[in-house]
Every structure is written in C-alpha cells, then in structure tokens.
Amino acid sequence: MSRPALEVRDVTKTYVGHPPTPVLHGVDLSVGAGERVAIFGSSGSGKSTLLNILGLLDVPTSGAYDLLGQDTCALSSSTRAKHRASALGFVFQEHHVLGARTVAENLAIKLAISGVGRRGRADLVRDALTQVGLTHRRNAPGRLLSGGEKQRLAVARAILTQPPVLLADEPTGNLDRANADNILDLFDSQARKGVAVVVITHDPTTARWADRALELDGGRLRLGAHG
Ligand SMILES: Nc1ncnc2c1ncn2[C@@H]1O[C@H](COP(=O)(O)OP(=O)(O)OP(=O)(O)O)[C@@H](O)[C@H]1O
C-alpha cells in the first residue's frame, strides 16, 4: 500500500493551565492521497485543536504525526514553517480576502510571501484563477466579490502552489447550497489530482460528500453516522 499523505497515531492534546484542559485522548487518523475526509463533532469536541495539529500550527502533547512520510514532531520551528508552506493549503470559513486588492493581487501577494519569484507568479495566478472559475474577475477588488466568489478566491489561494494536502475549516459554513456545492466540486478536482482533503464541518451534506466522515467524540475519532 502506498504511503499515506498524513498519518496521526495515538495523538493526545492537553492545554496547559490551571486546571489543564485535556482535549484529544488518543486520535488515530490516516488519510491517503486523493482521499476526502470530513471531521465533525459537537462544539468544543476538539476539531480546531486537531486541525491546528494537522496544519503544523500546534504540536501534540504526545503521539506521532507524519506528514508526507516525515515525522513532524521532531522538526524545528523553522523547518515546520517551511513544511507548512510547501505541503499544506488552508481554507477557512473566514476567507481573509484583502478587500482593497484585486483578485489577482490577492494571489500574487500570497506567492510573494511564499518566496515565489516575480516571474513565476503570473502563471500560477492564471492557473489557479482558471481552476476556480474566477478569471473574469481577476481585476476586481476583493471587496466587490460575492460571498461565493470570495470563498473560491480562498480556495485559489490555498491551491496556488499545488500543495499535496488541503485542510479546510468550515469552508462552506457561510455559503448557500449552490455556492457550497461549488466549493465541494473544487475540492473534488483537487482530490482527483491526488490531493488529500480534510474538511472540518457542521454541514451534513459536506459530511456525506466525503469518502469518510469521522466524528470527534470523547477526544477520539470514530466512523460517524454520515460515514
Ligand atoms: N489555547 C487554548 N487553551 C486552553 N483551552 C483551549 C485552547 N484552545 C481550545 N481550548 C479548549 O479546548 C476545547 C476544544 O476546543 P476546539 O476549539 O478544538 O473545539 P471545536 O470542536 O473546534 O469547537 P467549535 O466547533 O465550537 O469551534 C474547548 O473546551 C476549548 O475551550
């Protein structure tokens, strides 16, 4: 069997404090290339905590997390940041679009921050806009986009450098059904290219859309009712 894109083994997370807050109690998760996984669970069950760990924004208290075959727990913070930039794309419920910048500038700025040279940027921006169907809006300021268009721009930003893993936190949360389906279609295209897609969601339709829907309950993941 081929190596999973990401693999979490017996991960625990306890936030330090008085008293400490134990959140994850032994999470196991393996996601293959091209697989679409949805994670749902009640408020406070630890979904964001797990996504922060998967996104290399936080570290587990114990357990192992391998991303693209690399043990991430042993990495220095600067190597983690490099790994985060090259391996992961993020889509959030809040799309963080820069309102005063054009659609194309929103993407070019992300590439500049990622260290992509000026010459390479135009092609990547064009490809990403084509993929999400926003080419005709490339010169529009971000503030004039509709909610659905802003979220498509957020997906374009996440896939700009073609990361092999896409992490999304309630990506359809603020959208009507048609726009939500549009975002899921974009994720489908990514999965068909071999990208591993992990989505945190409260939306039952999004959970049913996934190849596997897992419920975070009692600090552990189990196959959910939608799976
Ligand atoms: N930095 C922190 N320090 C201490 N406790 C925290 C911290 N971050 C989260 N928690 C606590 O950990 C628990 C899980 O939080 P988390 O945000 O992961 O849940 P969630 O499932 O994403 O919730 P929601 O669906 O409401 O966003 C909550 O009880 C929360 O208060």
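Predicted model: local features only at pLDDT ≥ 70, side-chain atom pairs only at ≥ 80, totals over all residues.
User: Why does the radius of gyration agree with a compact globule?
Analyst: The globule rule is 2.2 Å times the number of residues to the power 0.38, over C-alpha atoms. For 227 residues that gives a value near 17 Å, and the protein has 17 Å, so the two agree.

User: What makes a residue buried?
Analyst: It needs 20 or more other C-beta atoms, placed from the backbone, within 10 Å of its own. Buried residues are 40% of the 227 in the protein.

User: What makes a nonpolar core, and how many residues has the largest?
Analyst: A core joins buried Ala, Val, Leu, Ile, Met, Phe, Trp, Tyr and Cys residues through C-beta atoms within 7 Å. The largest has 62 residues, and Val155 is among those with the most contacts inside it. Helix α5 (residues 147-159) gives this core its largest share, six residues.

User: Which residues are around the ligand?
Analyst: The criterion is a C-beta atom, placed from the backbone, within 6 Å of the molecule. Among those around the ligand are Tyr15, Thr21, Lys47 and Thr49. The largest share of the shell, three residues, comes from α1.

How values were computed
Residues numbered from 1 in each chain as written. Buried ≥ 20, exposed ≤ 12 C-beta atoms within 10 Å, placed from the backbone. Helix = DSSP H or I, 4+ residues; strand = E, 2+ residues; numbered from the N terminus.
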